[in-house]
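Morning, everyone. Please have a look at the structure on the screen. I'll take you through a few charged pairs and then a sheet.

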Amino acid sequence: MSISIISLIWLTLWINMAQLQQGGPDEKEKTTALKDLLSRIDLDELMKKDEPPLEFPDTLEGFEYAFNEKGQLRHITTGEPFVFNAREDLHRWNQKRYEALGEIITKYIYELLEKDCNLKKISLPVDATESEPKNFIFMSEDAMTNPDKLMVLIHGSGVVRAGQWARRLIINEDLDSGTQIPYIKRAMDEGYGVIVLNPNENYIEVEKTKSQVQLSSDGSDEPAEKRERKDKTFKEAKKRRDFYEKYRNPQKEKEMVPLYIRDNGSPEEHLIYVWDHFITHSAAENTFFVAHSYGGLAFVELTHLMEQTPVASLFAVSGCLTHFLEMIQREADVKNKVTAVALTDSVHNVWHQEAGKTIREWMRENCCNWVSSSEPLDTSVESMLPDCPRVSAGTERHELTSWKSLPSIFKFFTEASEAKNSSLKASLTRRSHRIKHEEI
């Protein structure tokens, strides 16, 4: 059904209702009935009537697209970029098609991480059973053993998964700007170990079973009479809905429920888990983070987890001294192990996240946020927050900040590493002189 026909139906109904409102009691009663009819009309459902099936290819070849030698997604016949509006007046169908393509691209990026970047895929939790839902990360062969440098990459929120900065850039621009692959390759060339996080993979979806649907409406603690009345109402509503469905004939989508992944149910949980089980056990003297958008917020949560939590509440929640000591140790480890953090248009907020004074001071010394701005790359940008320095990423587009600031970030890491090593050498020299003086 086209948009113009739907608009005509609505216009006719509203005209009739306006005419009825001018009449007496009978007409007003008809107006009420007409309003009730209008409230029952679901425009989205109406538009599904003549919609093509929501069935799409499961490969890039099936979509008739491929990435060329420049990493650009192009139609294999015409050579044209991806077209979102493949069918006019069918926005919902076009959106579902775009999402289906996005899922294929996610798997394609995973393959590139393993085959092109030589990263290995590690399942989480590390002690997961075969049947429970799992997440995963990617890491280089030397991620845990590299004695010098480790780089950890964290993307933002939304549909992006491990190895991606922005799906929109991958589809409409190229792989270099939209993925973390340029960071991974340059890091490995410069002697870094690499860990690629996957903070948005928090649950798997399974189809809602009949028993789950019934369970949601079953009040076992309610009186039998009340339950029967609710069941009767539910059955009558279902009967009316089925009657309308018969004529509207929309495409029914399966009702799904989430099964959350243990210890990885949110981006913050995921980062803490990877820190506790991998990063803190790595051999690297210098650990560096690149965190985009919400990834920056997750990192700030990691750094100030102890400081914002009262001791009394920790004991109340954990019920044991061991957990309390683990949290103290984590904060100390982050400050000691992390040499520098590059944020790209981070959405963290030290006030809302209640980061304390010591964390803010540590961020001022060890972090820098490359933000979207019209100013040239690395130009200082004023901040309202008392945390880390902010500089321009050389672009006004949020999703491009990681790509545009790449050379500056690697320079920042090199300088931070040299400064730390110089500081350590100076400290060791002072200690050596003190020992000699004491011996004399």
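Let's start with a question: how accessible is Asp-116? Asp-116 has a relative accessibility of 39%, so Asp-116 counts as partly exposed. Keep in mind that this is a predicted model.

Now, what does Asp-116 do with its side chain? The side chain of Asp-116 meets that of Lys-185 in a salt bridge, at 2.9 Å from N to O. Where do the two partners sit? Asp-116 is in the loop between α5 (91-115) and β3 (120-124), while Lys-185 is in helix α8 (residues 181-189), so this pair ties together parts that are 69 residues apart in sequence. Lys-185 is partly exposed as well, at a relative accessible area of 35%.

Side chains of opposite charge can pair when their charged atoms come close.

How many salt bridges does a search of the whole structure find? Nine.

On to Arg-168. Arg-168 forms a salt bridge with Glu-399. The closest N and O atoms of Arg-168 and Glu-399 are 3.4 Å apart. This pair links distant parts of the chain. Arg-168 is in helix α6 (residues 167-172). Glu-399 is in the loop between β12 (390-392) and α16 (401-404), and 231 residues separate the two.

Is Glu-399 buried or exposed? Glu-399 is at 13% relative accessibility, and the cut-off for buried is under 20%, so Glu-399 counts as buried.

Glu-399 also has a salt bridge with Arg-397, at 3.2 Å from N to O. Arg-397 is partly exposed, with 34% relative accessibility.

Eight strands form an open sheet. Follow the order on the screen: β3-β4-β6-β5-β9-β10-β11-β12. The pairing is mixed. Which strands stand at the edges? They are β3 and β12. Each has a single partner strand, so one side of each is left without a neighbour in the sheet. Neighbouring strands here are turned by 20° against each other on average, ignoring direction.

Zoom in on one pair. Strand β9 (residues 286-292) and strand β10 (residues 338-344) run parallel, joined by six bridges. Within that pair, Phe-289 has Val-341 in β10 as its bridge partner.

Finally, back to α8. This helix packs on the sheet and touches β5 (149-154), β6 (192-196) and β9. The direction of α8 makes about 155° with that of β6. Remember that α8 is the helix that holds Lys-185, the partner of Asp-116.

That's my tour. Thanks.

Terms used: Residues are numbered from 1 along each chain as its sequence is written. This is a predicted model: local features need pLDDT of at least 70, side-chain atom pairs count only at pLDDT 80 or more; totals for chains, interfaces and linings use all residues. Side-chain values use heavy atoms; hydrogens and water are left out. A salt bridge is a side-chain nitrogen of Lys or Arg within 4 Å of a carboxyl oxygen of Asp or Glu. Helices (H or I, at least four residues) and strands (E, at least two) are DSSP runs, numbered from the N terminus. Buried means under 20% relative accessible area, exposed over 50%, partly exposed in between (1.4 Å probe, protein chains only). Two strands pair if DSSP finds at least two bridges between them. Axes are lines fitted to C-alpha atoms, for helices over the stretch in contact, and angles run from 0 to 180 degrees between N-to-C directions. Contact means heavy atoms within 4.5 Å.
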